[in-house]
Amino acid sequence: MTSQRVLLVIPPLTQLNTPYPSITYLTGFLQSRGIQVDQADLGIEMVLRLFSPEGLRSVFKQLHNNSDPLPKEALRMMKAEHHYLEMIGPVVSFLQGHTPDLAARLIQPGVLPQGPRFQGRRTFARSVSIPDRAKQWGTFFLEDLADLVQATITPHFALSRYAEHIGRSASSFDQIVGALADTRSLIDEWLLDLFWNHVQRTQPTLIGLSIPFPGNLYGAFLIAQSIKQHCPDLSVVIGGGYVNTELRRVSDPRVFDYVDFITLDNGERPLLSLVEHLSGLRHRGTLCRTMYRERDHVVYVDDPRLTDFSMDEIGCPTYRGLNLDRYLTILDSTNPMHRLWSEGHWNKLTVAHGCYWKQCTFCDVGLNYISRYEMTPTERLIQQIKQLITETGCRGFHFVDEAAPPAALKALALGLLERQIAIRWWGNIRFEPAFSPDLCRLLAASGCIAVTAGLEAASDRLLDQMEKGITVDQTALVAAGFKEAGILIHAYLMYGCPSETVQETIDSLERIRQLITADLIQSAFWHRFTVTAHSPVGLNPSAHGVRVLGPTFQGFAENDLEHTDRCGNTPSWIGEGLRRSLLNYLERRGLDLDVRFWFDEDVPCSAVSSKWLSRLLKNQRLDEETRMERRLVWLGGSVTSDPLGKYSRLVLRGPQNDQILRLPTPEAQWLTQLITEATPHRPAQIYPHIRDVEKGFPGTASSCNRFLASLAWKRIRSTGLVLV
């Protein structure tokens with residue numbers, strides 16, 4: 001048996017504010033199995049190499065030696081070379097959070113050189129703080145430099161992706177081979193230099209390259225190419241989100257000139273079986289969900305005896321080896337919801353693997369990451385939270401679920417409150433009625449600050465056609481509950497769905513306008529509908545009125561498919577109007593304009609009443625049929641009681657406001673006891689059922705019902721007594 005040492009790498013580029021979680025999950029798992037493993041995020045390292053005095057000197061030196069004509073913007077920036085070199089260190093330090101006192105200086109006129117990204121920017125609203133102004137100006141400063149590199153050094157570079165166009169719709173491996181045959185850029189050389197530093201430090205026997213997005217593919221194969229050139233016997237495996245969706249049918253044997261293995265779906269079991277194989281404990285033919293080359297053919301093996309580990313067995317993600325204080329805040333927008341993706345570190349965890357709904361026709365519902373649904377046991381999730389707080393010192397958590405189940409979030413919220421664990425968290429959900437206003441209040445009390453969710457098309461016909469399982473009205477009511485609880489919402493939107501008409505797109509935009517105007521949605525983004533190979537639409541396009549045009553699979557990637565829609569008509573130009581409207585709406589501009597204003601072509605008038613949302617919120621409530629099956633939880637503070645003859649004066653401390661009640665003493669005593677029983681204070685607590693309330697009430701059933709319908713009870717509920 002040969003001991004193995006694994007190096008897990010995220011190639012450039014993903015996000016710059018916090019590590020992408022794939023390698024942190026796998027590192028934690030392998031360490032829990034006693035395997036030596038190290039991890040590296042080459043994206044942040046490469047960017048910091050560029051955004052340093054030494055890095056910029058190399059860039060400007062190459063530009064001065066360039067004999068080709070340069071863009072006029074580049075020439076202007078070259079004249080300010082000394083200024084950029086002087087300020088790059090302070091700006092990076094500030095965006096890393098090390099020197100917050102620099103904020104006021106960075107926004108003084110003349111302190112930062114201002115390139116094209118600063119042009120045409122609106123003046124800041126008075127509500128924007130000085131630190132936020134400095135973060136945004138610092139971001140523009142770095143984006144100018146990134147644009148300079150992209151325009152003059154390598155077209156591959158951008159702040160959140162690297163050579164993304166190479167990985168998009170790469171049905172043939174030819175374009176990867178061609179890109180790797182080109183002369184390496186300065187940025188490429190830095191990437192490889194950083195990678196080999198890690199190899200020399202850790203001396204691995206297996207390199208794992210995680211490829212979550214198309215913008216990581218080129219970097220991964222550039223690294224793999226370098227490994228095979230210098231250490232051909234060093235084993236290389238690739239996996240990750242892009243691989244799991246795009247590379248399931250790889251048949252071109254040339255791929256294995258660069259990598260030795262490709263693993264699919266959850267990486268824990270395949271990676272462990274691969275370590276066992278390299279250690280001499282497992283035959284290659286008994287690996288788990290793994291491809292390799294044998295006699296110039298691609299072979300796929302999956303030992304049926306190897307099942308996936310449960311959510312209780314995969315260990316805890318770890319950030320050991322990743323210097324979290326080196327990550328950058330990139331603040332393109334001061335929108336409070338947008339900035340969650342780009343500002344500060346978030347510990348990443350999963351409430352439940354897969355999706356409990358898994359019916360949407362546009363989604364990869366048959367693939368493992370969606371189809372295998374399993375909740376993380378609440379006790380296990382709490383342990384992971386505590387472990388990551390201890391390790392990182394950070395109390396911010398992002399739950400990276402496909403769709404976190406309401407029941408699991410309820411259990412998590414109660415667990416956090418019972419143990420008095422204070423965190424801030426956000427995650428992805430479905431807009432469904434199970435998220436009642438009371439559940440939203442419970443989630444907020446446990447630290448929930450925001451949710452993201454797919455509304456997709458704000459049209460009931462289209463939602464029904466895509467089997468989304470929600471209606472637009474339900475979505476609005478759920479959003480209202482989150483708003484009342486103080487929780488932000490980002491909505492994912494789609495246009496160009498099968499059979500969608502321009503009229504339906506315009507009607508959807510009108511509903512979105514009303515939702516944003518009412519502050520029920522704080523952030524949103526429109527995506528053009530795409531047929532994916534593993535979705536119900538992609539697997540049976542004719543059943544959905546779609547004809548797939550290509551691309552023809554040529555042995556490498558397969559996912560995004562070009563298509564025509566036999567029944568619908570949403571021209572591509574409509575996307576610009578949707579994009580333009582949202583950019584303004586989210587800055588609270590143009591909300592009172594007719595939605596047709598945003599389009600360059602003629603579009604029909606919206607058929608949606610301008611009073612749709614206001615009437616809905618006034619007249620409807622979410623379904624409360626299960627109300628009597630719910631339990632009472634007290635989210636408020638202490639309750640004090642002072643006797644006043646036959647009555648008692650109760651003071652109920654609430655999160656936002658206090659309530660003073662005057663009740664008959666028996667009722668006051670009953671209420672005090674009920675609140676005590678409903679107050680989270682210990683794990684596995686039994687909370688009182690609302691249906692059992694009348695059993696202890698000091699009076700008849702009818703008098704109890706009158707009390708539950710009284711103004712006093714409404715005040716108690718509004719103060720902090722929720723039904724969940």
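Predicted model: local features only at pLDDT ≥ 70, side-chain atom pairs only at ≥ 80, totals over all residues.
Trainee: Which residues in helix 3 meet Leu-145, Leu-148, Val-149 and Thr-152 in helix 7?

Mentor: Helices are DSSP runs of H or I with at least four residues, strands are runs of E with at least two, and both are numbered from the N terminus. Contact means heavy atoms within 4.5 Å. On the helix 3 side, the residues are Leu-56, Val-59, Phe-60 and Leu-63.

Trainee: How many residues of the contact of helix 3 with helix 7 are nonpolar?

Mentor: Ala, Val, Leu, Ile, Met, Phe, Trp, Tyr, Cys and Pro count as nonpolar, Asp, Glu, Lys and Arg as charged, and the others, Gly among them, as polar. The contact has no charged residue and one polar residue, and its nonpolar residues number seven.

Trainee: Where is Arg-430 found, and is Arg-430 buried or exposed?

Mentor: Arg-430 sits in the loop between strand 14 (424–429) and helix 17 (437–445). Buried means under 20% relative accessible area, exposed over 50%, and partly exposed in between (1.4 Å probe, protein chains only). Leaving aside neighbours within four places in sequence, Arg-430 is in contact with residues including Tyr-356, Trp-357 and Phe-435. Because its relative accessibility is 7%, Arg-430 counts as buried.

How values were computed
Residues numbered from 1 in each chain as written. Heavy atoms only, no water.
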